[in-house]
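Please look over the sequence and the model shown here before reading on.

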Amino acid sequence: MPDELRARVAGDLRPVRPFLPPWLRALLLVPAAALAWAVAPAVFGVRSDLTAIGPLLAWGGSLLQLAIAAMVIAAAFREAVPGEQVPRTIAAALLASGFLITVALAVATDAVSPEPVPRTETLAAWWFCWESAVRAGAPLVLLLAVLLARGLPMRPALAGALSGMGAGTAIDGGWRLYCSYSNPTHVILSHGGAVLALTVAGVAVTVAVDRLRQKSR
């Protein structure tokens, strides 16, 4: 390297603050995820059959979703650090776990507290839960996309999918405490559909923010 170029590079160097470990960054995001988790029961109240479901399945299941959301978000932050990418098999398992826990809790809830009279699923009921959950999770998805852009995700689509799945899992953990439908069809299609929609939104927003960051540089 020519001495002149070496001197110019050396004169342009500035110290930077290293990133915190991914798990610690995710831990700092737990209050934001918990706030998204608490939106539905805080605003709309809790479902009438909460006693029949029992605290372990009701609150314990929802807190498990919040814990899974934190792990998935931690994996997303790890994706933002070059050289520390999450193995594809682990990423796929984390993405699947966010959706499968929604399905498992829906089936378990229906088993212990089935609806006395099966209700016909209406488009209005489906749309209300789906749209409300997506709207509640959108701010968290956007926040995660901005934080991921501060790093250098080599696979922004995967990082966005992980962040979106984490946000969706956190939202569903609170939404199931409010929604009185025990019918697994409603929960899987509406609530699970919202989780998948937030995952897709995470991909779209993270990729878009990453491209804007690259252009600005």
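What follows starts with the model as a whole and then turns to its parts.

This is a predicted model, in which local features need pLDDT of at least 70 and side-chain atom pairs count only at pLDDT 80 or more, while totals for chains, interfaces and linings use all residues. Residues are numbered from 1 along each chain as its sequence is written, and side-chain values use heavy atoms, with hydrogens and water left out.

The protein has nine helices and zero strands; helices (H or I, at least four residues) and strands (E, at least two) are DSSP runs, numbered from the N terminus. The pattern along the sequence is α-α-α-α-α-α-α-α-α. Taken along the principal axes, the C-alpha atoms fill a box of roughly 80 × 30 × 30 Å. Of the 217 residues, 46% are buried; buried means under 20% relative accessible area, exposed over 50%, and partly exposed in between, for a 1.4 Å probe and protein chains only. Contact means heavy atoms within 4.5 Å. Among the contacts with a separation of 6 or more, 90% are between residues 24 or more positions apart.

Axes here are lines fitted to C-alpha atoms, for helices over the stretch in contact, and angles run from 0 to 180 degrees between N-to-C directions. Angles under 35 degrees count as roughly parallel, over 145 as roughly antiparallel, 65 to 115 as roughly perpendicular and the rest as oblique. A crossing is left-handed if the near helix is turned anticlockwise from the far one by less than a right angle, and right-handed if clockwise. For the make-up of each contact, Ala, Val, Leu, Ile, Met, Phe, Trp, Tyr, Cys and Pro count as nonpolar, Asp, Glu, Lys and Arg as charged, and the others, Gly among them, as polar.

Take helix H3 (residues 30-44) and H5: their axes come within 10 Å and cross at roughly 140°. H3 is therefore oblique to H5, and the crossing is right-handed. From H3, the residues Val30, Ala33, Ala34 and Trp37 make the contact, and from H5 the residues Trp59, Ser62, Leu63, Leu66 and Ala70. By class, the residues of this contact of H3 with H5 are eight nonpolar, one polar and no charged.

Helix H5 (residues 55-79) also packs on helix H7 (residues 123-149), where the axes come within 9 Å and cross at roughly 30°. That angle makes H5 roughly parallel to H7. H5 passes H7 in a right-handed crossing. Ile73, Ala76 and Phe77 of H5 meet Leu144, Leu147 and Leu148 of H7. The contact of H5 with H7 has six nonpolar residues, no polar and no charged.

Helix H6 (residues 88-112) and H8 have axes 9 Å apart, at an angle of about 15°. This makes H6 roughly parallel to H8, and their crossing is left-handed. H6 contributes Ala91, Leu94, Leu95, Gly98, Phe99, Ile101, Thr102, Leu105 and Thr109, while H8 contributes Leu158, Ala161, Leu162, Met165, Thr169, Asp172 and Arg176. The residues in the contact of H6 with H8 divide into ten nonpolar, four polar and two charged.

Some single residues complete the picture. Ala133 is found in H7 and is buried, at 5% relative accessibility. Leaving aside neighbours within four places in sequence, Ala133 is in contact with Ile171, Ala194 and Leu198. Thr206, in helix H9 (residues 184-216), is buried with a relative accessible area of 3%. Apart from residues up to four places away in sequence, Thr206 touches Ala145, Leu148, Pro156, Gly160 and Ser163.

Arg150 lies in the loop between H7 and helix H8 (156-178). At 46% relative accessibility, Arg150 is partly exposed.

Cys129 is in no disulfide, and the nearest cysteine sulfur, that of Cys179, is 3.8 Å away. Cys129 is buried, at 4% relative accessible area, and Cys179 is buried at 3%.

Note on methods:
A disulfide is a pair of cysteine sulfur atoms within 2.5 Å.
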